[in-house]
Amino acid sequence: MTRTLTSHYRWMAKAIRLARQGRNTTSPNPRVGCIIVDDNDTQIGAGYHIQAGTPHAEIHALKQAGSQARGATVYVTLEPCSHYGRTPPCANALIDAGVRCVVVAMTDPNPNVSGNGIRRLQEAGIEVVTDIMAAEAADLNPGFIKRMVTGKPRVRVKMATSLDGKIALENGVSQWITGPDARRDVQRYRAQSCAIVTGSGTVKADNPSLLVRPEEAQLSDYPLDTIRQPIRVVVDAADALGRDYQCFQDGYPTYLATITRQADSEGNAYRLELPAANGKLDLSALMSELGAMQINEVWVEAGPGLVGALFMAEEVDELICYQAGKLLGDKARSMVNFPSFSSLSSTPSLSLMDVRSVGDDIRLHYRVEKPGQHNTTEK
């Protein structure tokens, strides 16, 4: 049958919803969903990518469809892979299954392979339709796309503040500014992130684990038996932290970003020796290093010093601010440390993407505008 554009959108929307089920587990691979439909416009196969090294979305869907896949239409949120990695190419599997048409939301952002999967399908005589809900498909994988294009991960900074923009009382007390619903939301962002970045000051002050707490996150329909924990990255240029803090003692990997070369990795602490910039650790070099480690999405939970430095280095893509209905006063600690600006045009510019209530608090989600970008409304 000849499908209408409306039919394409309906099935692709379902494939995108399916892909989201892997949002916490696919790293460093992208989140991908696949639906297979027969000539009667009936779904005969569905699947999503769960974990790197395991079958891709197309393979799960083809297995479910079986012999019915011959002559069927396939909806997939990302161009089928065309190379041998940890798994064989999905383009080959679709060709071998004898599908008639493949509808692709977006092409692979990797410049070395982009378009190759589509080309292989077309050369095999399979009809290919592209750019169906491409923007929505891109929203599934902002970190993967950025890493493929720039070599760096997507960086989200999280802040929890009072209504007057303070993160702690003058004496440093900050637990808890926000309520349990906001803290649960933070746990869910941690779960979908590949790395959590913090500073040595936060480790000293709070001794955080920075791991996902399953009982607090309450992740429903989690596809794995155990939670995939993000790596922790502690920025400590002088390597002055002792190793008795929680993040160095719990058995999960922590990377220490430093400019010193005086000690070896020990226990679950691994050193990232990075160059200095103006006497401090080069944060742009850190993000390039994390990109080389196949980190797609970075979640920053840090103090005002490191947050300000990341903004000034133009390494922040998004700011997520949980704002509580509290007033801490002018003596309380501010959310970001910046140098003195001489003009408003030199300050960071934010574009509001989303605002919503999270329990008794408000979550403000901003995109950080890069120099030369226009301040546009997120669709």
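Reader: Where is Leu 210 found?

Author: This is a predicted model, in which local features need pLDDT of at least 70, side-chain atom pairs count only at pLDDT 80 or more, and totals for chains, interfaces and linings use all residues. Residues are numbered from 1 along each chain as its sequence is written, and side-chain values use heavy atoms, with hydrogens and water left out. Helices are DSSP runs (H or I, at least four residues), numbered from the N terminus. Leu 210 lies in the loop between α8 and α9 (214-217).

Reader: Does Leu 210 count as buried or exposed?

Author: Buried means under 20% relative accessible area, exposed over 50%, and partly exposed in between (1.4 Å probe, protein chains only). Because its relative accessibility is 3%, Leu 210 counts as buried.

Reader: Which residues is Leu 210 in contact with, leaving aside its neighbours within four places in sequence?

Author: Contact means heavy atoms within 4.5 Å. With those neighbours set aside, the partners of Leu 210 are Arg 190, Ile 196, Thr 198, Arg 232 and Glu 301.

Reader: Which residues does UniProt list for "binding site"?

Author: UniProt positions are given in the numbering used here, feature names are shortened, and annotations may be inferred rather than shown by experiment. The unreviewed UniProt entry lists Ser 174, Arg 190, Asp 206, Leu 210, Arg 213 and Glu 301.

Reader: Why does Asp 206 count as partly exposed?

Author: Asp 206 is found in helix α8 (residues 200-206). Asp 206 counts as partly exposed because its relative accessibility is 44%.

Definitions and conventions:
Helices (H or I, at least four residues) and strands (E, at least two) are DSSP runs, numbered from the N terminus.
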